[in-house]
Amino acid sequence: MLIKNQNITIQSLALLSHADIQTDILRLDQLDPVISGNKWFKLQYPLLEARKQAATTLVSMGGAYSNHIAALAKAAADAGFKSLGLIRGDANTPLSHTLQAAHNRGMELQFISREAYRDKTTLRASYASDNHYWIEEGGYGILGANGAAEILADLDISRYTHIICALGTGTTLAGLIQSALPYQQVLGISVLKNQTDAREKTAALLPAERRDARWDVLHGFHCGGYAKHQPALLDHMRRLWASDGLPTDFVYTGKMTWAVEQLLHQSFFPAGSRLLLIHSGGLQGNHSLPPGTLPFS
Ligand SMILES: *Cc1c(COP(=O)(O)O)cnc(C)c1O
């Protein structure tokens, strides 16, 4: 365990609790303002492996608002690596807040056309070198999942019946499944549309004996697709802030808490359930909204 998580707290959420259900959230967003949340947990073992292989540069890919790219730039700089970000899109558009921050931390940015970006195998091969250590888009992988398994380390989670996170690549979900107790159900809320392979991708990161544990991926809470939003989502995020002082982001954690609110209305959870939500960080993504959209940033 490389991460010092003593400043992480568990907060109870009045908006998402009622007489029969108690909901708490694990504030991984408090870890670090930049490498916040799950991304640092996912990066810790790839960084160790890169050092073992004597690589000097960490290479990965992402979009203009990627929390993974933001976290990688900072984690690489802190650990004494160079970093190279392969960014989907056009070099001529002004740098997003995320990319500017990554660049300021020393990340080299190379822009990749949408067609070339889709062909990940070729892209990866063309950047292969002894000095380079490749990290999959979004930090997907077994090393990432093993790091995410440590999110729940050192915490007494025995009172919870459900553990719930936002799902992108499934790496965080796979880590949580590994460290959950046998009676707990672990749920990933997909933030992508038509992500039909989410279950398969998550299962591929699990040791065989864990694949049949109690876990699931829930679809239907993506609000139109990755990084898409709608007024009802932003309204939910404002209500959560007003009620509990909890900041969320519209790409991941806001969709997860909004999903939980809707699931509570549908009586999805049996009476007596105790939910532990994972605040996976990523608040920097809100900078892509027009200023003033949310009462927090
Ligand atoms: C990347 C990210 C996720 C998704 O994590 P996966 O391990 O890719 O499923 C969830 N929440 C936040 C805030 C993220 O930045």
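The legends below describe close-up views of a predicted model.

**Figure 1. Residues surrounding the ligand in the predicted model.** The ligand is surrounded by 15 residues, of which Lys39, Asn67, Thr169, Thr172 and Ser280 are the closest. Three elements, α1 (38–52), β7 (162–167) and α7 (171–179), each contribute at least two residues to the shell around the ligand. Helix α1 provides the largest share of this shell, with three residues.

**Figure 2. Polar atoms of the protein facing oxygen atoms of the ligand.** On the side-chain part of the view, a polar atom of lysine 39 is placed 2.7 Å from an oxygen atom of the ligand. The side chain of threonine 172 likewise has a polar atom, at 2.6 Å from an oxygen atom of the ligand. Glycine 168 takes part through its backbone, a polar atom of which is 2.8 Å from a ligand oxygen atom. On its own the ligand has 380 Å² of accessible area, and the protein covers 98% of this area.

**Figure 3. Open sheet of four strands.** The strands follow the order β5-β4-β3-β6 and their pairing is parallel. Strands β5 (108–112) and β6 (132–134) form the edges, each pairing on one side only. From one strand to the next, the twist averages 25°.

**Figure 4. Pairing of strands β3 and β4.** Six bridges link β3 (residues 57–62) with β4 (residues 82–88), and the two strands run in the parallel sense. Within this pairing, leucine 86 of β4 is the residue opposite methionine 61.

Figure 5. Apart from neighbours within four places in sequence, the residues in contact with threonine 257 are Leu16, Ile25, His236, Leu240, Thr248 and Leu277.

**Figure 6. Polar contacts of the threonine 257 side chain.** The side chains of threonine 257 and histidine 236 are joined by a polar contact of 2.7 Å. A polar atom of the threonine 257 side chain also lies 3.2 Å from the backbone oxygen of glycine 254.

Note on methods:
Residues numbered from 1 in each chain as written. Predicted model: local features only at pLDDT ≥ 70, side-chain atom pairs only at ≥ 80, totals over all residues. Heavy atoms only, no water. Polar contact = N/O pair within 3.5 Å; in protein donor to acceptor, adjacent residues only side chain to side chain. Contact = heavy atoms within 4.5 Å. Pairing = 2+ DSSP bridges. Axes fitted to C-alpha atoms, helices over the stretch in contact; angles between N-to-C directions. Near = heavy atom within 4 Å. Areas by Shrake-Rupley, 256 points an atom, 1.4 Å probe, with all protein chains shown as cover.
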